[in-house]
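Work through the following exercises with the sequence and the model open beside you, and try each task before you read its solution.

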Amino acid sequence: MHSNKHLTHPFLPQTESQIQTMLKTMKISSIEDLYSGIPKELRFKGKLKLPKPHSELETLRKIQSILEKNKTIDNLNSYLGAGIYPHFIPSVVPSIVNRSEFLTSYTPYAPEISQGMLQGLWEYQSMIAEITQLDLVNSSMYDFATALGEAALMSTRATKKRVLLVPEYLQPEKFSTLVTYTTGPNIKIVQYPCNKQSGQADLDKLISIVERNINQISGIYIENPNFWGVIEEQIIDVGELAHTQNALFIIGFDPISLGLLKSPGELGADIAIGDGQSLGLPMNFGGPLLGLFAVKNDKKLVRSMPGRIIGLTTEKRSDNRAFTMTLQTREQHIRRERATSNICTNNALCALASTVYLSLIGPKGLKTLAEISLAKSHFLAQNLSEIDGIQSPHYSGPFFKEFVFTLDSPSHTKEFENFLKTKNIIPGFPLYKEFSDLNASYLVSVTETTTNSDIKQFLDSIHDFFSTSGGK
Amino acid sequence: MFRQSKWPKSLIFEKSTPGRQGFIGPELHPDEKNILEKAKKTIPENLLREESPSLPEVTELEVVRHFTRLSQMNYGVDSGFYPLGSCTMKYNPKVCDTAASLANAQNIHPYQPEDTVQGSLKIMYELACWLGELSGMSGVTLQPAAGAHGEYTGLMILRKYHETRQNLETKNEIIVPDSAHGTNPATVSMCGFKTIVIPSNDDGCVNIDALKASVTENTAGMMLTNPNTLGIFEPNIKEITNIIHEVDGLMYYDGANFNAIMGKVRPGDMGFDIVHFNLHKTFATPHGGGGPGAGPVGVISRLIPYLPVPTVSYSPSEKSYYFNYSHEHTIGKIRSYFGNFSTLLRAYTYILRLGQTGLTRVSEMANLNANYMKTQCTKINGFSVPYGELSSCMHEFVLSAKKLFKETEISALDISKYLLDTGLHPPTVYFPLIVPEALMIEPTETEPKEVIDTFIEALKKVSELAYSGRTEKILGAPNSTSVGRIDDVKAAREPIISYRMLKNM
């Protein structure tokens with residue numbers, strides 16, 4: 001009810017005399033009259049329990065003092081990964097992405113004045129197409145987990161079947177998101193196990209699951225490397241199995257690994273999904289991320305893709321190149337309840353960041369980064385294996401930048417973590433909290449940001465734990 | 001005069017010169033180097049990539065220049081007026097960017113122990129409280145990544161509510177007005193419900209008779225934007241929510257237009273049960289050319305057990321914040337981790353800057369600007385406001401160029417292209433679908449009267465040109481942008497959506 005007549009604020013331009021002129025033009029006497037359409041009994045009459053207005057200086061002081069209570073990854077010797085990774089971000093990336101012509105623009109509904117963003121997103125689609133060797137890429141999803149949800153829905157749209165096979169060994173929140181996304185359309189999720197030795201898909205068991213669901217399977221999903229960090233050696237067979245069932249073969253990938261490993265396209269994927277956070281985005285406590293979504297070039301598949309797609313075309317009056325959003329008849333603003341997805345706002349700026357990142361690192365850089373992670377993770381795994389009381393790596397299958405190690409004694413996890421905490425070390429993602437058969441295991445991630453002295457400090461501390469703290 | 005850069009449209013791929021490099025990785029320690037070849041040999045050869053991906057090979061400067069030029073062929077709120085209806089393209093305060101770029105906001109892994117992330121948790125906890133207060137809701141999840149994702153979360157909560165009461169068999173329909181955003185019916189389908197569309201009244205509001213006729217025991221709920229897409233506040237909102245509640249349906253509030261009502265009226269007090277907010281609209285977080293956004297969802301107290309996990313709680317005894325997973329009927333997860341934290345932090349910063357009085361003033365000024373524009377635009381020959389011409393609108397209004405089109409063949413699309421040449425971003429066109437030749441205009445509170453007047457003058461100019469037959473300037477527009485009108489038909493007929501496809505043609 002209160003009109004704050006004399007409030008001046010740097011974000012609010014109209015002066016008192018301008019306000020009066022405007023009211024006069026409308027032939028009303030006060031701003032309050034603009035609310036006459038709201039029934040009186042509904043009007044909010046109290047005072048909102050919100051902070052008072054702060055100056056910019058006060059605001060920043062307050063926020064800094066709150067955020068000081070965080071401990072950043074830079075001040076920790078952390079081996080956390082499991083979906084989000086502390087990769088180095090070249091200075092060029094934020095410098096470009098924070099250019100306000102990009103930052104403060106909306107979805108490019110007026111393409112003639114938005115060619116910069118449109119071209120940037122088209123180049124994004126092109127780069128993801130190059131690394132995955134799949135032609136069709138949408139201009140982003142929210143994250144890996146929702147990309148998996150959308151891939152599940154797409155496989156049912158494309159095949160008219162309703163059983164999706166996924167590994168038992170998925171990041172728990174990714175699995176939980178998938179369950180949510182498949183609830184509405186009533187898609188059945190069936191999990192297949194891994195071989196307990198190798199940490200890879202158990203092909204025999206997968207085949208028997210397929211046999212129990214003949215003619216019902218919409219897709220088979222597999223990750224490479226998988227959640228244990230292990231490379232799936234029989235992935236090509238899994239793809240062939242999917243195709244014998246006329247099901248879609250869906251591969252989850254780590255973009256950095258594609259500097260070294262065969263691409264989803266070469267492995268036979270119909271859909272490839274992943275997270276682009278590794279490609280130049282800060283971890284940001286888990287968001288925003290970048291859902292990568294690439295599809296094989298197939299007319300039927302492109303029409304059932306979710307998300308925005310940027311196309312290359314020309315001006316009407318010339319052959320000059322121009323970019324525009326295309327194939328929009330799949331989308332919610334046209335197709336409404338029959339749309340392929342409800343997605344509207346996506347993660348375009350994150351996609352642009354990854355485009356700048358991939359432009360910088362190029363084919364050599366991608367390979368270098370993949371090799372650095374590979375070498376460092378193997379260095380760590382091997383040195384851990386030399387410590388009594390630890391099994392490293394837990395699985396025998398080849399691994400890329402992550403691997404699992406296990407304490408021989410499950411009762412020591414709390415002590416182990418507390419001891420390392422005093423040294424500012426986080427030993428990785430505690431798998432035992434989510435997977436009951438891994439009762440003393442950690443998923444460890446190593447990237448180019450992990451220095452050799454970090455690793456040595458980690459190893460020394462573990463030695464100390466086992467020698468001085470009665471770890472055995 | 002406005003003139004956008006017109007750099008040659010060469011692709012970054014076409015600038016590639018083999019041998020150039022924009023990045024060098026850190027050197028491996030000799031011990032690590034020694035292990036590399038051995039490590040590679042552990043991977044079967046048939047799974048190793050033989051050919052490197054054809055990414056561009058360019059230097060740092062080439063990358064910087066390429067993308068700087070692209071930015072010069074783009075237009076944001078910082079470039080000029082952006083009255084894109086329903087998108088709330090207000091000024092995005094720089095202080096919010098500063099906050100979001102702090103290292104102790106960015107360099108945090110989501111799986112860090114709770115005691116190392118107390119700052120981030122406090123931000124999330126307080127933001128959720130503030131959004132609850134603004135909307136009259138008792139519980140808030142910050143997880144949804146965008147408005148449509150918030151709708152999805154809200155309808156999954158609604159679904160679980162009926163499922164828990166063992167009513168899902170019958171409760172399978174959601175009512176949506178014909179003026180709704182496309183995301184509403186698309187969300188309804190994703191959540192496994194059937195959309196029941198009801199027509200609007202002549203005044204653009206919900207037709208109560210049509211609503212009553214559509215409500216049955218199958219009605220699971222209704223999605224509504226209030227003020228609606230036409231910028232009109234539903235006067236019968238209490239009756240509408242009562243009708244839905246009588247059949248145990250839930251009312252969903254689409255927060256696209258929340259910028260109109262802060263401090264004035266709250267969805268909770270109107271009878272809504274579930275609300276989403278678009279932080280990239282109302283709370284000024286930058287839209288980034290299409291995202292990321294954030295679409296938090298608020299619910300009434302009896303729906304708190306259904307929220308996605310985790311939410312953030314505070315323990316007074318421990319004096320610390322923690323992730324709360326104990327929501328008895330939780331819908332589970334709707335994404336990974338906890339939300340788009342950097343967007344949440346920007347919104348938090350924005351709310352601090354404005355405070356309680358400022359946010360109320362934001363809504364007042366947004367409405368003032370929209371009504372002033374509406375008054376001035378309806379005076380222009382060829383234009384009208386078919387819905388709500390005589391009453392006041394809220395923060396936006398939908399102008400129709402139906403008369404202009406009929407009399408001069410100049411369409412809403414032509415107008416939008418002409419506006420580009422004046423350096424103004426056009427309004428949303430052809431939406432909502434119930435208004436012919438629609439131009440949906442939302443000036444927001446951050447634009448000065450002078451800028452708004454420039455837009456009004458530009459529309460007057462269109463009308464003059466159209467009625468005097470001097471239409472070549474309109475039909476030939478735009479000329480001042482980096483490209484002229486675009487061949488969308490060709491784009492859809494022969495889709496070229498990656499460089500791989502272009503190379504193979």
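**Exercise 1: two domains**

The domain assignment of chain A, whose bounds come from an automatic or database assignment, gives domain 1 (92–357) and domain 2 (363–468). This is a predicted model, in which local features need pLDDT of at least 70 and side-chain atom pairs count only at pLDDT 80 or more, while totals for chains, interfaces and linings use all residues. Residues are numbered from 1 along each chain as its sequence is written, and chains are lettered from A and ligands numbered from 1 in the order in which they are written.

Task: find how many residues each domain of chain A gives to the contact.

Solution: Begin with the C-alpha centres of domain 1 and domain 2 of chain A, which lie 30 Å apart. Next, count contacts (C-beta atoms, placed from the backbone, within 7 Å): domain 1 of chain A supplies 16 residues and domain 2 of chain A supplies 19 residues.

**Exercise 2: one serine**

Task: decide whether B:S336 is buried or exposed, and list which residues of chain A it touches.

Solution: B:S336 is buried because it has 28 C-beta neighbours inside 10 Å. Finally, B:S336 touches A:G83, A:D143, A:F144, A:A145, A:E173, A:K174, A:T177 and A:G286, not counting residues up to four places away in sequence.

Methods. A residue is buried if 20 or more other C-beta atoms lie within 10 Å of its own, exposed if 12 or fewer, and partly exposed in between; C-beta atoms are placed from the backbone. Two residues are in contact if their C-beta atoms, placed from the backbone, lie within 7 Å.
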